[in-house]
Amino acid sequence: MSEYLPKAFVSIEDKRFEKHNGVDWIRTAGVIVKPQNLGKQGGSTITQQLIKNLTDEKQVTVARKFNEILSALNLERYFEKDEILEAYLNTIYLSEGCYGVKTAAEEYFGKDVADLNIAECACIAGITQFPTKYDPLINTEENKRRQKQVLGAMLEEGAITQEQYDEAVNYKLIFTNSKEYKGSKVTDSNSSKTNAIDSWYIDYVISTVINDLINEGYTKRKAEALVYGGGLKIYTAIDLEVQDALETVYENRKGVYEEDSQSAMVVMDYKGRVLGIVGGLGAKDNVRGFNRAVDAKRQPGSAFKPLAVYAPALEKSLKESDFDFYWSTLVKDAPTEDIKVDGKPWPTNEGGGYSSKKLTVQSGIARSLNTISARTLLQIGLDYSYNFLTERFHISSMIDQDCAPAPLATGALTNGASVLDITAAYQAFGNGGKYYYPYCYYKVTDFQGNTILESNPDTANEQAVSESTAWIMNKLLQTVMTSGTGTTYKISGVQCIGKTGTTTGSVDRYFVGGTPEYIAAVWYGFDQQKEVRQTPNPSGILWKNVMNEIYSNKGVNKKEFPDYDGITRRAYDPSNGLLANYSSGNYGWYDKNNLPSYSKSSGTTAEATKADKETKVNSTAPSVAATSNSNVHKPKDPNANANKKPNNE
């Protein structure tokens with residue numbers, strides 16, 4: 001490395017480094033005599049700082065300080081000063097995820113550590129005391145002030161001449177984020193950290209592993225140090241062909257044309273494996289930057305309805321004998337009686353209209369009608385829906401304010417939801433009702449080959465809904481793609497499920513779609529919210545383009561979703577939604593053990609398997625007052641929180 005780099009650190013951090021035996025007793029005396037100064041004075045030598053870097057023990061206690069002193073004295077008995085200084089310079093944290101001066105030289109100047117000049121050496125040495133405060137990419141002026149202090153210390157200690165000091169003080173530093181920066185000059189192909197831009201997937205893996213290590217008890221600093229310099233091996237779950245397809249579409253903005261628009265997409269299989277992920281449109285230009293697929297929380301609109309309303313309603317019909325809800329149940333396409341927003345009926349459908357006719361649940365889903373979902377929600381209860389979302393589908397961004405009609409019925413969530421959370425929840429509609437926790441790596445081993453982290457999808461799953469509910473929802477979502485709002489986005493020759501979503505003002509567009517092999521969610525909009533003008537739904541276009549790209553490279557392995565013998569296809573009477581024992585031309589899917597009654601107009605009720613059940617959802621859905629009970633979590637004012645953005649699609 002540059003000869004001035006160790007001189008810079010010694011001058012500012014430990015000027016008596018060459019003379020002491022691991023502890024600077026003059027600087028430490030004040031801490032020992034006055035323990036209240038512990039942590040306030042700079043009493044630690046470079047040797048002691050190395051001990052802290054290696055052990056990650058930083059508690060501000062007398063006992064910890066005493067043990068640190070003993071370790072430092074012992075370390076200097078067995079290692080030369082140059083070895084200690086080298087180890088220190090290779091482990092010191094220097095902000096921006098940099099551990100060691102080699103990494104810092106590359107990160108801040110795009111240079112090999114041997115090529116740093118005096119001014120640059122002083123700049124890096126100045127970061128040590130308060131890494132974030134003196135980070136030159138974030139706080140350039142603070143770093144410059146500190147750099148001058150380091151240069152002054154170097155001059156005072158005789159490490160540089162007055163002429164060198166003057167030249168270094170006046171030297172204009174060119175950082176990697178400066179306009180004048182000409183690109184990296186790093187020549188070492190084995191660089192520990194270069195300025196190369198990793199894929200969205202690799203960024204996601206790094207962040208996930210760090211977070212998982214923290215959950216295992218590591219400090220954030222120790223976790224980052226392990227990932228960047230601990231010799232770990234990470235076995236990722238990436239599907240390279242899927243990731244390539246995502247990047248091809250997103251980097252080239254295939255199918256979208258609005259300037260400055262953004263999008264994010266996650267592709268998973270049906271057992272929790274994250275196959276590919278992208279966090280933005282266009283060429284990726286950041287390292288572990290803002291990932292809209294994970295970090296952004298935006299409203300999903302009607303893409304939320306299957307999770308919040310329809311799957312819970314089907315499940316409730318299975319569990320509770322006095323509640324009937326089926327494919328063909330009739331619900332009135334009209335605003336609810338008791339809820340108003342700004343004095344107007346709530347909700348209306350996209351465009352502000354409604355027919356006042358009784359429509360089937362299937363029609364409500366396929367056409368994405370807010371009126372049908374709202375009336376169904378009020379019948380199953382707000383608490384029931386909210387608990388389903390948080391406990392079974394694990395939507396992590398939900399808060400108490402979301403236990404209200406608008407967030408649950410139309411996806412107008414207070415904090416929104418992440419694309420990853422929505423994708424993971426939709427797995428259940430293609431795997432028989434299971435929720436698998438998303439994973440992006442199989443295992444992580446340390447430098448000795450010991451497994452320190454491991455993903456096991458066979459145990460990390462829960463039965464979110466019954467198999468029959470899951471496969472009926474699958475059939476319902478197929479109708480979105482064959483005769484509803486998703487027909488434009490269907491993949492040729494492959495069964496597809498899907499659900500569109502649009503928020504009020506069209507500031508967020510959503511699409512969740514699946515094939516027998518893949519499930520994926522897409523968000524599209526602007527970082528600074530404004531109306532999305534592109535039609536049809538650009539999220540659906542992106543989904544279709546990515547899927548076509550995947551299948552053009554990999555081919556189709558499965559064209560149809562599997563059959564489940566617990567559900568059956570039956571004809572129903574469109575006048576009342578009950579079963580028909582004749583060919584009515586209208587067919588739906590039902591749980592074999594939970595069938596509607598037969599319509600009297602079909603000539604018999606003898607074949608009804610549930611003749612003793614009175615159909616309760618074949619007419620106008622009840623008002624809020626009809627659902628008021630002690631276990632329904634609803635606002636004190638029935639109009640409160642009804643809909644912050646009242647016409648989400």
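Student: Is cysteine 496 buried or exposed in this model?

Tutor: This is a predicted model, and in it cysteine 496 has a relative accessibility of 2%, so it counts as buried, the limit being under 20%. Cysteine 121 is likewise buried, with a relative accessible area of 0%. For the protein chain as a whole, 56% of the 649 residues count as buried.

Student: How many disulfides does the structure hold?

Tutor: A disulfide is a covalent bond between the sulfur atoms of two cysteines. The structure holds zero disulfides. Cysteine 121 illustrates the point, because the closest cysteine sulfur, that of cysteine 123, lies 9.7 Å from its own, which is too far for a bond.

Student: What does the secondary structure of the protein chain come to?

Tutor: The protein chain has 20 helices and 16 strands. As for how the chain is joined across its sequence, 69% of the contacts between residues at least 6 apart are made by residues at least 24 apart.

Student: At what angle do α1 and helix α7 pack?

Tutor: Two packed helices are described by the angle between their axes and the distance between the axes. For α1 and α7, the latter spanning residues 118–127, the angle is about 45 degrees and the axes are 9 Å apart. That makes α1 oblique to α7, and the crossing is right-handed.

Student: Which residues of α1 and α7 meet there?

Tutor: From α1 come Tyr4, Leu5, Ala8, Phe9 and Ile12, and they meet Ile118, Cys121, Ala122, Ile124 and Ala125 of α7. By class, this contact of α1 with α7 has 10 nonpolar residues, no polar and no charged ones. Cys121 in this contact is the buried cysteine 121 discussed above.

Student: How do the axes of helix α13 and helix α15 cross, and which residues meet?

Tutor: The axes of α13 (residues 305–319) and α15 (residues 370–380) come within 10 Å and cross at roughly 50 degrees, which makes α13 oblique to α15. The crossing of α13 past α15 is left-handed. Lys305, Ala308, Val309, Tyr310, Pro312, Ala313 and Lys316 of α13 meet Asn370, Ile372, Ser373, Thr376, Leu377, Gln379 and Ile380 of α15. The residues of this contact of α13 with α15 divide into eight nonpolar, four polar and two charged.

Notes
Residues are numbered from 1 along each chain as its sequence is written. This is a predicted model: local features need pLDDT of at least 70, side-chain atom pairs count only at pLDDT 80 or more; totals for chains, interfaces and linings use all residues. Side-chain values use heavy atoms; hydrogens and water are left out. A disulfide is a pair of cysteine sulfur atoms within 2.5 Å. Buried means under 20% relative accessible area, exposed over 50%, partly exposed in between (1.4 Å probe, protein chains only). Axes are lines fitted to C-alpha atoms, for helices over the stretch in contact, and angles run from 0 to 180 degrees between N-to-C directions. Helices (H or I, at least four residues) and strands (E, at least two) are DSSP runs, numbered from the N terminus. Angles under 35 degrees count as roughly parallel, over 145 as roughly antiparallel, 65 to 115 as roughly perpendicular and the rest as oblique. A crossing is left-handed if the near helix is turned anticlockwise from the far one by less than a right angle, and right-handed if clockwise. Contact means heavy atoms within 4.5 Å. Ala, Val, Leu, Ile, Met, Phe, Trp, Tyr, Cys and Pro count as nonpolar, Asp, Glu, Lys and Arg as charged, and the others, Gly among them, as polar.
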